[in-house]
Each structure stands twice: as structure tokens, then as C-alpha cells.
Amino acid sequence: MTNGSHNSILHTDFSSLSDYMEDNETNSSLGERNSLGCVQIRIPQELFLALGLTSLVENILVVLAIIKNRNLHSPMYYFICCLAVSDMLVSVSNVVETMFMLLNDHGLLEVHPGMLRHLDNIIDVMICSSVVSSLSFLCTIAADRYITIFYALRYHSIMTTQRATAIIVVVWLASITSSILFIVYHTDNAVIVCLVTFFCTTLVFNAVLYLHMFLLAHVHSRRIMAFNKRRPSTSMKGAVTLTILLGVFIICWGPFFLHLILILTCPTNPFCNCFFRNFNLFLILIICNSLIDPLIYAYRSQELRKTLQELILCSWCFGV
């Protein structure tokens, strides 16, 4: 967080990357060109704060809606609730970091360098936990939809509440533990290799699972509609929803993981240097993922949308 740059994520001082970020102050939204002709997009801290607060409120509403509505008390919505909590980690870490930076920049807060380092560590653990848990819960939801579609009659005996709870506990424990280990050993390139490998593995897992689901479900739904003239199942609708979530995740987090790959492959290359200089832009995309996910939940689920509307209306009435 030195020099006003949002560079605490996963300790972007991997190798010599901190040198790239030192001049990345966020006091202007205009782009600049350096001696290499690289365009560096500068993003105001206020934008980070606004997006972080908005996504935080959205995800809190999603969690409250799932808790409030008993019709949403099912394994899939428990996993979606955990996905919202993962997004909240990004939002909270962004809001806390940006607030410290703004207060420090305006001379309202003097922070000891040691305290900054500890804050960086906490924020990095939160961000790392978010990405690991998000990928894990996307895989979990994909598996849940797979079971719903192809083992419909046995679904409730396979995916019980107890098993769903156990999965959630294991995922969070694994995410937090691995994140702490990643930050402790952040100077080792093996950490980046592990993160990139995990990202690619989960994408392949989801791609194989969804491809199998859509191919077989398409044939199955055509047979059902041919004989019964019924609409496609809600299970398939859930699979489509999670496909959208996965696509948004790849778009928003993809540049960050490409950033990590380039750290390993070409840390001193001038063209990679140009890519590194727009790190704050990748952070904005990550925050946008947390911002977009609740909108997808609400758009794809009428029950959740209705509950969110009730919560917003109630909060507005109490506010008045």
C-alpha cells in the first residue's frame, strides 16, 4: 500500500514488481505514457471506495435474503451464500485499504510502517481466501447441479444439509489455511505456480462438467418436451446461472492470473512491464466481479429477487 498504490494483493512485490508499482499513484483517471510508450491508466481512489462499498452492500443483501427466505434454504443457495461471502472479502479488503490510503494521503492518519505491513498481510489473506474459496464454491455448485440433473431421484439423499455444511466448512478451512501459507511464503515462485495451477485446474473441471451437463441435459430436455410439452427443469436453469457466474469470474479475474503468469515468464520484459503498470485496472475488474455476481443471482432467481426487493423496501421504510 505504499505510495498510494493498490499493490497489496498477494504481495505484488513478487520479484521486482514493486518497482513497477511505485509510481502508480491513483490521483487521476487519465492515462500516461512512459519512456517505453506504455499507456498507464490511472484510477482515482474514490472509484475503488465507491465500487467496494456498493459491492459490499449488494452481497450483504444477498446473504440476508438467503437467511430470511426459507424457500432458499437448500444446498445450492448455501453455496451461493458462501460465494457472496467470498465476494464480501474482496469488498471489505478494498474498502479498508482505500480508507487507510485516503486518510493517509490527506494527512488525517499517520500509520507506522510496521502496522502497514500487518494490514497488508491481513488484506492479502482476505483476497487470497476470496479467490481460492470462490473457485472452490464454483466447482462445488457445478457438482451440485450435475447431481441435480443426472441423479435427480437420489439428489436429496446424496446432497444432504449435513454434507453441504461439511463441504462448506472444509472449503473455508482449506481456503484460509492455504492463503496464510501463500502469504508466509510469498517470496517463493512456487506460490504463484500453485495459484495459477489451481485456477487452471478448476476451469478445466468446470468446463468438463458443464459440457457433459449441457450435452446430456439438452437431449434429455428435448425428450421431455416432446412427450410432455413441459418447460426445461429448474436444475438446468441453475446450471445456466452458474455458467454465467463462471464466465464473469474468468473475465474479471483472468487478467490478474495472466499478471501472475507473466511474473513467472517475463518479469523484466518491457512489454510485460507495460502490462504490470496497469495492475490497478485488474483490481477494478476483480471488484466488478463482486459487484456483478449479486445482480446475476437476482436476475436468474425470481425467489431471491423477490426477497431482495422486500429487504430493500423494509430498509427504506425504516430509513424514512
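## Ground rules and overall fold

Helices (H or I, at least four residues) and strands (E, at least two) are DSSP runs, numbered from the N terminus. By that rule, I176 sits in helix α6 (residues 161–184). The structure is a predicted model, where local features need pLDDT of at least 70 and side-chain atom pairs count only at pLDDT 80 or more, while totals for chains, interfaces and linings use all residues. Residues are numbered from 1 along each chain as its sequence is written, and side-chain values use heavy atoms, with hydrogens and water left out.

The protein chain has eleven helices and two strands. Starting at the N terminus, their order is α-β-β-α-α-α-α-α-α-α-α-α-α. Of the 320 residues in the protein chain, 49% are buried (under 20% relative accessible area; exposed is over 50%, and partly exposed lies in between, with a 1.4 Å probe and protein chains only). Contacts (heavy atoms within 4.5 Å) with a separation of 6 or more come 77% from residues 24 or more positions apart.

## The nonpolar core

Let's look inside. A nonpolar core is a set of buried Ala, Val, Leu, Ile, Met, Phe, Trp, Tyr and Cys residues joined through side-chain atoms within 4.5 Å. The largest one holds 80 residues, and the members touching the most others are I66, F137, L195, W253, F257, L260 and Y297. Helix α4 (residues 113–150) gives the most to this core, with 15 residues.

Y297 contacts V62, I80, L83, A84, D87, L245 and L304, leaving aside neighbours within four places in sequence. N59 belongs to helix α2 (residues 45–68) and is buried, at a relative accessible area of 0%.

## Aromatic rings

Eleven aromatic pairs turn up in the whole structure. Rings of Phe, Tyr and Trp (its six-membered ring) pair if their centres lie within 6.5 Å; planes under 30 degrees apart count as stacked, over 60 as edge-to-face and the rest as tilted. Y146 and F150 make a tilted pair, because their ring centres are 4.8 Å apart and their planes stand at 55°.

These two residues are four apart in helix α4, so about one helical turn separates them. Y146 is buried at 17% relative accessibility, whereas F150 is partly exposed at 26%. Elsewhere, F199, F249, W253, F256, F257, F275, F279 and F282 form one aromatic cluster.

## Salt bridges

Side chains of opposite charge can pair when their charged atoms come close. Here a salt bridge means a side-chain nitrogen of Lys or Arg within 4 Å of a carboxyl oxygen of Asp or Glu, and the whole structure has two. E310 pairs with K68, with the closest N and O atoms 3.2 Å apart. This bridge links distant parts of the chain, 242 residues apart: E310 is in helix α11 (residues 302–319) and K68 in helix α2. E310 is partly exposed at 31%, and K68 is partly exposed at 45%.

D144 and R145 form a salt bridge with an N to O distance of 2.6 Å. D144 is buried at 0% relative accessible area, and R145 is buried at 7%.

## The surface

The protein chain exposes about 16100 Å², of which carbon and sulfur atoms supply 68%. Accessible areas come from the Shrake-Rupley method with a 1.4 Å probe; for residues, only the protein chains shown count as cover.

I176, I180, L181, V184 and Y185 make a nonpolar surface patch of about 480 Å². Patches consist of residues with over 30% relative accessible area and no salt bridge, like charges being joined within 9 Å and nonpolar side chains (Val, Leu, Ile, Met, Phe, Trp, Tyr) within 5 Å. I176 is partly exposed, with a relative accessible area of 38%.
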